[in-house]
Amino acid sequence: MNRHLWISLIVLILAMAPAAIADAGVNAVGPGAGFATGSERALAPEYHDMERDGPVFMTRDRLGAMWAVWSYKSGTNVDIAVSRIATGQWTVPVLVGAGNNVEDLDPRLRFLEDGSALLVWWQRGGSLEQSRVASAYLVNGTWSEPERLS
């Protein structure tokens with residue numbers, strides 16, 4: 001996918017996130033996407049640590065399966081955790097961007113019309129030059145290496 005299309009998709013996803021959260025209301029884990037809050041918080045993956053990790057962002061794929069993404073903190077590393085409900089339980093999270101020496105923050109996951117998944121987040125490094133928007137996509141059940149978008 002060319003860089004211009006990626007950037008357009010990122011802008012669209014980031015622009016839609018506040019609307020999706022507002023539209024989701026108390027049903028933040030319903031057909032739309034949004035953050036788990038209030039009573040929905042109980043639906044978040046048991047692997048998420050409310051005291052240490054970033055907020056959980058949830059969405060559904062084309063088949064209705066629930067997915068969750070969040071910034072997962074382990075020691076001094078902050079990586080993106082991705083989990084989904086399979087056979088009634090949350091899967092062990094897959095870490096995207098692990099060991100990249102930057103903080104991976106505020107992930108958003110969107111499933112496209114063709115069923116593919118696009119994951120977008122901010123990366124914050126020690127300097128302005130290391131801060132950027134990054135993305136990864138799901139291919140045959142495996143997340144791609146993160147790509148810098150900006």
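Leaving aside neighbours within four places in sequence, which residues is aspartate 61 in contact with? They are Trp67 and Phe111. This report starts from the whole protein and then returns to that aspartate. The model is a predicted one.

## The whole protein

The protein has eleven strands and one helix. The accessible surface comes to about 8,300 Å². Carbon and sulfur atoms hold 55% of that surface. Among contacts with a separation of 6 or more, 34% join residues 24 or more positions apart.

Valine 56 sits in a loop. Strand S1 (34–35) lies on one side of that loop and strand S2 (57–60) on the other. Valine 56 has a relative accessibility of 4%, so it counts as buried, because the cut-off for buried is under 20%.

Arginine 148 belongs to strand S11, which covers residues 147–148. Its relative accessibility is 43%, so it counts as partly exposed. That value falls between the 20% and 50% cut-offs, which means neither buried nor exposed applies.

Each of these two residues can be paired with a residue elsewhere in the chain. The table gives the pairs.

| Pair | Separation along the chain | C-alpha distance |
|---|---|---|
| Valine 56 and proline 107 | 51 residues | 8.7 Å |
| Arginine 148 and tryptophan 122 | 26 residues | 9.7 Å |

## Aspartate 61

Aspartate 61 is placed in the loop between S2 and strand S3 (66–74). Is aspartate 61 buried or exposed? It is buried, and it has no salt bridge. Arginine 84 carries the nearest side chain of opposite charge, 6.7 Å away. A salt bridge needs the charged atoms within 4 Å.

What does the side chain of aspartate 61 reach instead? Another is the backbone nitrogen of alanine 65, at 2.9 Å. Beyond its neighbours within four places in sequence, aspartate 61 is in contact with Trp67 and Phe111.

Taken together, aspartate 61 is a buried residue without a salt bridge.

Terms used: Residues are numbered from 1 along each chain as its sequence is written. This is a predicted model: local features need pLDDT of at least 70, side-chain atom pairs count only at pLDDT 80 or more; totals for chains, interfaces and linings use all residues. Side-chain values use heavy atoms; hydrogens and water are left out. Helices (H or I, at least four residues) and strands (E, at least two) are DSSP runs, numbered from the N terminus. Contact means heavy atoms within 4.5 Å. Accessible areas come from the Shrake-Rupley method with a 1.4 Å probe; for residues, only the protein chains shown count as cover. Buried means under 20% relative accessible area, exposed over 50%, partly exposed in between (1.4 Å probe, protein chains only). Lys and Arg count as positive and Asp and Glu as negative; His and the chain ends are not counted. A polar contact is a pair of N or O atoms within 3.5 Å; within protein, one must be able to donate a hydrogen and the other to accept it, and residues adjacent in sequence count only if both atoms are side-chain atoms.
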